[in-house]
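User: Please take a close look at one part of this structure, the place where two of its chains meet. What makes up that interface?

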Protein chains: 4
Amino acid sequence: MDKGRLEAFSDGVIAVIITIMVLEMKVPHAPTLAALCELWPVFLSYILSFVYVGIYWNNHHHMFKTVERINGRAMWANLHLLFWISLFPFVTAWMSENHFAAVPTALYGGVLLMAALAWPLLARELIACNGLDGALATALGRDAKGKLSIVLYALAIPLAFLNPWIACVLYVTVALVWFVPDRRMEKVAT
Amino acid sequence: MDKGRLEAFSDGVIAVIITIMVLEMKVPHAPTLAALCELWPVFLSYILSFVYVGIYWNNHHHMFKTVERINGRAMWANLHLLFWISLFPFVTAWMSENHFAAVPTALYGGVLLMAALAWPLLARELIACNGLDGALATALGRDAKGKLSIVLYALAIPLAFLNPWIACVLYVTVALVWFVPDRRMEKVAT
Amino acid sequence: MDKGRLEAFSDGVIAVIITIMVLEMKVPHAPTLAALCELWPVFLSYILSFVYVGIYWNNHHHMFKTVERINGRAMWANLHLLFWISLFPFVTAWMSENHFAAVPTALYGGVLLMAALAWPLLARELIACNGLDGALATALGRDAKGKLSIVLYALAIPLAFLNPWIACVLYVTVALVWFVPDRRMEKVAT
Amino acid sequence: MDKGRLEAFSDGVIAVIITIMVLEMKVPHAPTLAALCELWPVFLSYILSFVYVGIYWNNHHHMFKTVERINGRAMWANLHLLFWISLFPFVTAWMSENHFAAVPTALYGGVLLMAALAWPLLARELIACNGLDGALATALGRDAKGKLSIVLYALAIPLAFLNPWIACVLYVTVALVWFVPDRRMEKVAT
């Protein structure tokens, strides 16, 4: 089966998700700096979610470059991943409107965790139809970052009830882990 | 005529539909688990509709792989199908905001029924311009699933007035019918 | 210059436009047939606008199939057309929320008129960089439908102040004029 | 690395941004010309932002035509640019709802400035992986328009506090600077 339309469809879904998050940023009614500054939790969480969606798009791009074939199971594994990413706008809005209260901050981590768990499921299906000696299987052998992310999200969720800021620091940490070395690895690979 | 842009346009429309449904999920104002749990009908129907749109995208992908040519009639038959799918966010929101009340649950089935009826119309137009001995015509010879879906939707609509949960069970059943064997068929086909 | 990305971008914009119109359909709060039926102007105008956007997408597809090159002027002429189409959701919502009152119904015609006027401007730019003996120039020689549409829209706008339903009949008429013969012409062409 | 998916993803994001701005245009409740005319700041700023997004899409299209390779850094530089463009709907809505008050008008310029600064960053990354003697490096040698835009935005922000209309005139001026000569350059290039 052809991977082109799956890539195009995923690009479309991710492009819509990354863009509609801005619709959740309700415009302040007063035309003042003070009114704008009250939106700081909205802006911070918009940036964080934008970076996360960007990371998923980048990784999706890289993963699909390493495979040649897809099948029906891979399509559903891909839709499953997109499902959790599609909840980012919802949890971002809930977390920011409540100024990083405990429950919404934990739920944000919960959705990040589910997306992180959906990722190896998709990888497994892609390996299953592209062979164990393919480029993806090799790349996944060293998926330390994926496992670390899952551990950090799982830690962040209970810690959000202790202090939501600890959870937020963990979310930013995971984003940096993916953002920084990916650029280095890329540089080597080019 | 070239099918590439029709596929790309359909991918775009379906990607937007599957994603904007999340905009209908209004964020709860209180930052509590209780407030979140009150949204259960919204989440359940979001998942159901996400799966339905996913099924339509998968089937659309498969159907267009079997054809080579399209014409103006096929384009309109495709837009007709997209029209009914574009109503999914509306009926999903109405059904879930009213906690699966009878009329909205029946209307949800009505839109599913119309989309299910639009499907063979599209198939017929595609067969008409690709020939009766093509891959699509062969595949449609055994369209038992399509006919079963139409019967189950037609049953679900009046049953929703008796008890909306019977209708919901039927909607989930049809989704499973499409979801499960498609994966098997795929596995064989690969 | 390459027309591929312009087609892809236009497909994206038109796909978003045709889909977000459904977001303007506010879900009725009561779960009753009566509440749903009150939405009839919303549904009617959604269908009309969906068909109009579908017609523009079909014609856009056909027009760009006949050309090989584009330039910067054609890109802006294309964006100009997309600008007027992007106003369809706005005028559709205004017209339907006010049950086809005179001013909104006239404005709906005004936007249709502007889009209809943007069309030959785009065609002219495309002919300018593809040559007067190209397929597009030949096809446009008999652009009676385009001229008729412009006349009917220009008539509908003042008539909306007499009786908005006359304007609506004219809008439906133009849609049928494009919808019906296009299918026939297509059939001949295949 | 392949630039195709990055182009497709950027097209998708820009198509959604240019289209969802129309969702920020709240439909007036009264069906009168007076109610419509009250929306003039909304329409004016919608047109301005539509033209700006159109300029960015055109320039993005041109820039990526001159390059062959991309890497991870270029992907993030591209996402950084898209981030600032994604804020256009927000600042457009805030500025127009407040009838071009000082702070929102200055912020509008601030976001334009950040997008204008993101542009050479993206160009630098693209040059870094495509070579200093490539077409892009040559084209950027004469990036007087980019530098002029940055200066005008930086002037407009403080001037908005003196009189917001001065800032608006500068924003329109920059848009014209990009709009007009691009068409001429294009004509020569064809």
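Analyst: Buried area is the accessible area (1.4 Å probe) that two parts lose on being put together, summed over both. Chain D and chain A bury about 3,300 Å² between them. Carbon and sulfur atoms make up 75% of that area. Three residues, D:Arg5, D:Trp76 and D:Phe90, supply 27% of the area that chain D buries against chain A, more than any other three residues.

This is a predicted model: local features need pLDDT of at least 70, side-chain atom pairs count only at pLDDT 80 or more, and totals for chains, interfaces and linings use all residues. Side-chain values use heavy atoms, without hydrogens and water, residues are numbered from 1 along each chain as its sequence is written, and chains are lettered from A and ligands numbered from 1 in the order in which they are written.

Now the contact itself (heavy atoms within 4.5 Å). Chain D puts in 33 residues and chain A puts in 40 residues.

Next come the charges. The rule finds 2 salt bridges across this interface, each a side-chain nitrogen of Lys or Arg within 4 Å of a carboxyl oxygen of Asp or Glu. D:Arg5 and A:Glu7 meet in a salt bridge, at 3.6 Å from N to O.

Helices, as DSSP runs (H or I, at least four residues), are numbered from the N terminus. On chain D, helix 1 (4–20), helix 4 (72–86), helix 5 (88–97) and helix 6 (102–130) each supply at least two residues of the side that touches chain A. Helix 1 of chain D gives the most to that side, with 9 residues.
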